[in-house]
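Here is a short note on the model, for use beside the sequence and coordinates.

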Amino acid sequence: MTMICGNCSQTGIRWVGPFSNLTHTECPYCGGTNCQLVDQPEPDELETATCGCGAQQERLNAIRRQEEAVEQARLDEVARANAAADEILRQQQARQADERTSRKSWAKPSRR
Ligand SMILES: [Zn+2]
């Protein structure tokens, strides 16, 4: 495993000490000791890994199709909710308009 220096980001850090009892690591570039990055991120191969027969890719496609179906269902649900809300709003506005007209026609005679 290649160790990368946390100070200067160079590779080539080496263990120092007797082979049977390595005491610390040393960076030949900046001279730092024990300065290697411990947690090197492993390349994420989940998306690209295939076994050669395409089974992995097929599985990913299946997952993607499922996610798209779920997303589509969610959008449909939102559209239905919006339509219902629009209908309620429309009914309320119609009712308010009716009330205004009836109030106006009722109030008119008393003002004359
Ligand atoms: Zn270094």
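1. Basis. This is a predicted model, in which local features need pLDDT of at least 70, side-chain atom pairs count only at pLDDT 80 or more, and totals for chains, interfaces and linings use all residues. Numbering starts from 1 along each chain as its sequence is written.

2. Confidence. The protein has a mean pLDDT of 84, and 78% of its residues reach 70 or more; pLDDT is the predictor's confidence in each residue, from 0 to 100.

3. Elements. The protein holds two strands and one helix, in the order β-β-α from the N terminus. Helices (H or I, at least four residues) and strands (E, at least two) are DSSP runs, numbered from the N terminus.

4. Of the protein's 112 residues, 4% count as buried. Buried means 20 or more other C-beta atoms within 10 Å of a residue's own, exposed 12 or fewer, and partly exposed in between, with C-beta atoms placed from the backbone. Of the contacts in the protein with a separation of 6 or more, 26% are between residues 24 or more positions apart; a contact requires C-beta atoms, placed from the backbone, within 7 Å.

5. S9. This residue is in the segment before β1 (14-16). Its phi is positive, near 60°, and S9 is not a glycine. S9 is exposed, because 10 other C-beta atoms lie within 10 Å.

6. N34. Where is N34 placed? N34 is in the loop between β2 and α1. Its phi is also positive, about 50°, and N34 is not a glycine. With 13 other C-beta atoms within 10 Å, N34 is partly exposed.

7. Context for the two angles. Most residues other than glycine have a negative phi.

Note on methods: Two residues are in contact if their C-beta atoms, placed from the backbone, lie within 7 Å.
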